[in-house]
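Colleague: Hey, can you walk me through this one? I'm still learning how to read these.
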Amino acid sequence: MTAYLLKRLAIAVVTLVLASMVVFAVLEIIPGDPARLMLGLNASADQIELLRNQMGLNAPVVLRYLHWAGGLLSLDFGRSYTYSVPVIDLVRERLVVSLPLALMALALSTIIAIPVGLFSASRHGRAGDTIAMGAAQLGVAVPNFWFALMLIYLFAVWLRLVPGGGFPGWSAGVLPALKSLLLPAVALALPQAAILARVTRSALIEVLNEDYIRTARAKGLPYRLVLWRHALRNAMIPVVTILGLQFAFLLAGTIIIENVFYLPGLGRLVFQAINQRDLIVVESVVMLLVAAVIVVNFIVDLSYAVVDPRLRGR
Amino acid sequence: MKLWKTILAAAALALAAGTSAMAARTDLVIGITLEPPHLDPTAGAAAAIDEVLYANVFEGLTRIGPNGEVLPDLAESWSISDDGKVYIFKLHTGVKFHDGTDFNADDVKFSLDRARAENSVNAQKGLFAAIDKVEVVDPATVKVTLKNPQGSFLYNMGWGDAVIVAPETADTNKEKPVGTGPFKFQNWAKGSSITLVKSDNYWGAPVFLDKAEFRIIPDAAAAVPALLSGDVQAFPFFDPDSVAQVKDDPRFKVVIGSTEGETILSINNKKPPFDKLQVRQAISFALDRKAIIDGASAGLGVPIGSHMSPASKAYVDLTGLYPHNVEKAKELLKEAGLENGFKATLKLPPPSYARLGGEIIASELREIGVDLEIIPVEWAQWLDQVFTKKDYDLTIVSHTEPNDIDIYSRKDYYFNYDNPAFDKIIEELNLTSDEAKRTTLLGEAQKVLADDAVVGFLYELPKVGVWDAKLQGLWENAPIQANDLTKVKWTD
């Protein structure tokens, strides 16, 4: 187990270093000058040069990389070119929106997907299965921005139960903040739930065909007990893997939903920073996400051991 | 479901009736599409900065009014010497900054000197180029001496980039702006909203609103439900394509006004075959402005024939010079030796006027044998490739700076246009402050540009505002990009 963990850790560190190089190099190559973007069409070449100097953009590339990477090691993410505030502050402001949103969406999608998957698998090939999987197919196919707009028109414009967008901040109270995250969480969760339900179903169907399930049934265990205790647990590995991937996606891959609900989340911060060539923000946030993905994968690896006792011995 | 809706509607109605019985509202939520990168109008070109702060938080010596006129602001009056080089500004007294410090002539000198200093990163440094020196005569009087007379000096001092700031707070205005205006800055929730509240010790006419929140809503599809649900009560700059969804709703007013945005098909004048006058004229003849306006601005733009806003006093209508005429265009191409047409690229920045307009223009130019390859670019790429490196054939962009016909005389500007006769007109214009003479010169300048078919002049970008029908005092036109809230109030 320890050797396994150490190996995973070493891989994680190497991944981080390589990712930092790739991220930095890619953003170095894309055309666009943050100083020119800030000063606009009427600025002279001298002025742009002056601002580039002030921003520290004129230092050699290698030096800037080392400076940035060195800063990351001491958890100093640098200062945003456009906002001229520490990047870490920007990230913190956005994480208080993105993290609860991602967790809510993840919880919702799990709560919907697992029972649907169970239901479908246990009625494999029957009408209930066909209807449930048809609905899941629809859930995957419907574009989430359209679904989000329908939710807004129904619950915000017509029924006026929740705000149609925006985020009042946690300072406005927990309830209003959660309320404003509810529709986006539903919009995010539905397609994810659809995918997860299909994965749960197919994993379960596979497990239900195993010999030990027949044995369990043969020794007289009730079907329900077999399904929950023997089958579901063994089907969890692909489900947990998908969940891990979904979490990473939900953290920053939600630019479209954040735009539709005008939420100040991490995805929009990155999107805006790319447009304004606020490279240091893009670089730092992308590195944070790389780190988050690595940590989540690590947790997923650990959870395999929880789900599957055989892995604990290794 | 129906019953539910009835009950809910009744509850909402009761609530609404309860509030309207009280005094008129004093709060307002305004939707804006772009978030300002920071809140210092003297340190960035982003229009979003002025959209929040101009006239509300910051004030200048002069200011630009709702129809583009120059009005006194912190300077209550001024006198100009006979040679047009010395301006003496008489300042309002009893004016305080939001942090409680006094405003006086020293702040004016500080602000102007800071903006024109060698290490200044003011995005419109050119506005201050004519200033020779700024002197404090007494706390309420400032004397500005120019190197040469400048016709547009008072207008220049009304730009957002020329607002007066205090030395104590100038460096922190990006995060916490401190000005002299009727509203003071309260809070900026990044990515979400910026809130201003009424300033208690304002020197001028008191404002009606107690609180104004600018909410950032980048997506046009999200703007409509935000209005319909009442979350946002005004979108001063609304997406023209979404107007149809709110036009017939009596709760809202749709106000179509003018801007200073000349939307043009820019041409690289040095790049063959565009260096030939006939080729550029052929392009102008091939353009069907009506079709472009219908397709790219929901039919709301006003056609232009040169680089001047139709709302301007100096505007000359030159749209008749190159009417849509495919035959004539083909003839001109033949004269230029290009009867078989040619290939070129059209780089399009992100705004819908460019992306939609580009497709229409590409199909119109195909009719005369010009085969355009459309290349969509982001703003950063556009600035880099097109504007700075001049690596382009054609592009579509709206030049939104007010009174910016002089860009065609700038050396090394991305049009690559060079006409000494035009430069001479602009040079003379810069030295002239007599209104009538300026109008004549501006007219000449417009004619030269149209004759040379420097670019394809398309239309003036419309300003489409949508707001609650009970709201009054928002600007109809956009002579500058600002949301002046000083006269805004709710009526019953």
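This is a predicted model: local features need pLDDT of at least 70, side-chain atom pairs count only at pLDDT 80 or more; totals for chains, interfaces and linings use all residues.

Colleague: Which residues belong to domain 1 and domain 2 of chain A?

Modeller: Domain 1 of chain A covers 2–73, and domain 2 covers 95–311.

Colleague: And how many residues of domain 1 of chain A are in contact with domain 2 of chain A?

Modeller: 15 residues of domain 1 are in contact with 13 residues of domain 2 in chain A. On the domain 1 side, α1 (2–29), α2 and α4 (61–73) of chain A each supply at least two residues. α1(A) gives the most to that side, with nine residues.

Colleague: What's that side of domain 1 made of, in terms of nonpolar, polar and charged?

Modeller: On the side of domain 1 of chain A that touches domain 2 of chain A, the residues divide into ten nonpolar, three polar and two charged.

Colleague: Let's zoom out. How many helices and strands are there in chain A?

Modeller: Chain A has 13 helices and zero strands. The C-alpha atoms of chain A fill a box of roughly 85 × 60 × 35 Å, taken along the principal axes.

Colleague: What percentage of the residues in chain A is buried?

Modeller: Buried residues make up 35% of the 314 residues in chain A. As for contacts in chain A with a separation of 6 or more, 69% of them are between residues 24 or more positions apart.

Colleague: Can you show me one residue up close?

Modeller: Take A:Leu118, which sits in helix α5 of chain A.

Colleague: Is A:Leu118 buried or exposed?

Modeller: A:Leu118 has 20 other C-beta atoms within 10 Å, so it is buried. A residue counts as buried at 20 or more.

Colleague: Which residues does A:Leu118 touch?

Modeller: Not counting residues up to four places away in sequence, A:Leu118 touches A:Leu204, A:Leu227 and A:Leu232.

Colleague: How many Å separate A:Leu118 from A:Leu39?

Modeller: The C-alpha atoms of A:Leu118 and A:Leu39 are separated by 58 Å, and the two residues are 79 residues apart along the chain.

Colleague: Speaking of chain B, how many residues of chain A and chain B are in contact?

Modeller: 45 residues of chain A are in contact with 40 residues of chain B. Several elements of chain A give two or more residues to that side, among them α2 (34–39), α3 (45–55) and α5 (87–122). The largest share of the chain A side, five residues, comes from α7(A). The residues on the chain A side that touches chain B divide into 24 nonpolar, 14 polar and seven charged.

Colleague: What about the largest nonpolar core: how many residues does it have?

Modeller: The largest nonpolar core has 205 residues, and those with the most contacts inside it are A:Leu39, B:Leu227 and B:Ala282. Its largest share, 14 residues, comes from helix α8 (residues 174–208) of chain A. Domain 1 and domain 2 of chain A each contribute at least three residues to this core.

Colleague: Why would nonpolar side chains be buried together?

Modeller: I can only give you the general pattern: in soluble globular proteins, nonpolar side chains tend to be buried together.

Colleague: New topic! What is the order of the strands in the open sheet of chain B?

Modeller: The order is β4-β5-β7-β6, four strands with antiparallel pairing. β4 (75–80) and β6 of chain B each have a single partner strand, so one side of each is left without a neighbour in the sheet. The twist averages 20° from one strand to the next.

Colleague: How many bridges join β6 to β7 in chain B?

Modeller: Six bridges join β6 (residues 131–138) to β7 (residues 141–146) of chain B. β6(B) and β7(B) form a hairpin with two residues between them. B:Val134 has B:Val144 in β7(B) as its bridge partner.

Colleague: And β5 of chain B, how many bridges join that to β7(B)?

Modeller: Five bridges join β5 (residues 86–91) of chain B to β7(B), and the two strands run antiparallel. There, B:Lys90 has B:Thr141 as its bridge partner.

Colleague: Last one: which strands does helix α3 of chain B lie across?

Modeller: Helix α3 (residues 105–116) of chain B lies across β5, β6 and β7 of chain B, running at about 165° to β6(B).

Key. Residues are numbered from 1 along each chain as its sequence is written. Chains are lettered from A and ligands numbered from 1 in the order in which they are written. Two residues are in contact if their C-beta atoms, placed from the backbone, lie within 7 Å. Ala, Val, Leu, Ile, Met, Phe, Trp, Tyr, Cys and Pro count as nonpolar, Asp, Glu, Lys and Arg as charged, and the others, Gly among them, as polar. A nonpolar core is a set of buried Ala, Val, Leu, Ile, Met, Phe, Trp, Tyr and Cys residues joined through C-beta atoms within 7 Å. A residue is buried if 20 or more other C-beta atoms lie within 10 Å of its own, exposed if 12 or fewer, and partly exposed in between; C-beta atoms are placed from the backbone. Domain bounds come from an automatic or database domain assignment. Two strands pair if DSSP finds at least two bridges between them. Axes are lines fitted to C-alpha atoms, for helices over the stretch in contact, and angles run from 0 to 180 degrees between N-to-C directions.
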